[in-house]
Amino acid sequence: VATSLNNLALLYQAQGQYAQAEPLYKRSLDIREKALGPGHPDVARVLNSLAVLYKTQGQYALAEPLYKRSLDIHEKMLGPGHPDVAISLNNLAELYRAQGQYALAEPLYKRSLDLWEKALGPGHPNVATSLNNLAELYEDQGQFAQAEPLHKRSQDIRKKALGPDHPDVATSENNLAALYYAQGQ
């Protein structure tokens with residue numbers, strides 16, 4: 001039941017029907033906490049989903065404790081080197097970046113990148129995502145020289161892992177073009 005509730009909430013969220021998604025996430029979370037315990041990794045996944053919902057709506061104060069709790073659960077239950085820890089770190093970094101808290105976001109992005117490289121290998125698409133996010137953080141701060149090699153590496157990983165015609169490759173190319181445009185190139 002909790003899985004079905006969560007999946008339905010994801011569907012509503014994807015359609016922008018946030019008011020319908022929120023109670024479903026909360027019910028899924030409640031069921032999982034009671035059935036599995038409050039420290040179970042499946043609880044952390046629902047916490048992440050609910051936090052994403054809040055972040056999408058600009059409700060950062062509601063999202064932050066959920067992201068932090070999810071990260072804590074992942075680290076304790078799966079170990080600090082598990083790929084799900086990288087997801088939680090990246091999500092929390094995205095929240096801080098959205099608020100302009102770059103000094104808090106940067107070390108989380110870097111740790112997430114390091115975990116994904118170690119757990120999944122340097123050519124995995126998740127590594128490309130992390131590189132892209134870190135590059136965008138640098139762009140937000142006008143640090144274009146630091147952003148460019150990260151965007152190029154992200155693009156290269158995506159081309160090799162996904163093929164040159166994959167939509168994620170187009171996203172990387174667009175991000176690189178946006179970087180050049182921002183610099184007047």
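Below, a few questions go from the whole chain to single residues.

Author: A word on the source: this is a predicted model, where local features need pLDDT of at least 70, side-chain atom pairs count only at pLDDT 80 or more, and totals for chains, interfaces and linings use all residues. Residues are numbered from 1 along each chain as its sequence is written, and side-chain values use heavy atoms, with hydrogens and water left out.

Reader: How many helices and strands does the protein chain have?

Author: Helices (H or I, at least four residues) and strands (E, at least two) are DSSP runs, numbered from the N terminus. Read from that end, the elements run α-α-α-α-α-α-α-α-α. The count is 9 helices and 0 strands.

Reader: What is the radius of gyration of the protein chain?

Author: The radius is taken over C-alpha atoms, and the globule rule is 2.2 Å times the number of residues to the power 0.38. For 185 residues, a compact globule would come out near 16 Å, which agrees with the chain's value of 17 Å.

Reader: How are helix 6 and helix 7 oriented to each other, parallel or antiparallel?

Author: Axes are lines fitted to C-alpha atoms, for helices over the stretch in contact, and angles run from 0 to 180 degrees between N-to-C directions. The axes of helix 6 (residues 102–120) and helix 7 (residues 125–140) come within 9 Å and cross at roughly 160°. Angles under 35 degrees count as roughly parallel, over 145 as roughly antiparallel, 65 to 115 as roughly perpendicular and the rest as oblique. The two helices are therefore roughly antiparallel.

Reader: Is N6 buried or exposed?

Author: N6 lies in helix 1 (residues 2–14). Buried means under 20% relative accessible area, exposed over 50%, and partly exposed in between (1.4 Å probe, protein chains only). Because its relative accessibility is 11%, N6 counts as buried.

Reader: Which residues does N6 touch, not counting those up to four places away in sequence?

Author: Contact means heavy atoms within 4.5 Å. With residues up to four places away in sequence left out, N6 touches Y25, S28, R32, V46 and S49.

Reader: What separates the C-alpha atoms of D156 and G123?

Author: D156 sits in helix 8 (residues 144–162) and is partly exposed, with a relative accessible area of 35%. D156 and G123 are 33 residues apart along the chain, and their C-alpha atoms are separated by 8.8 Å.
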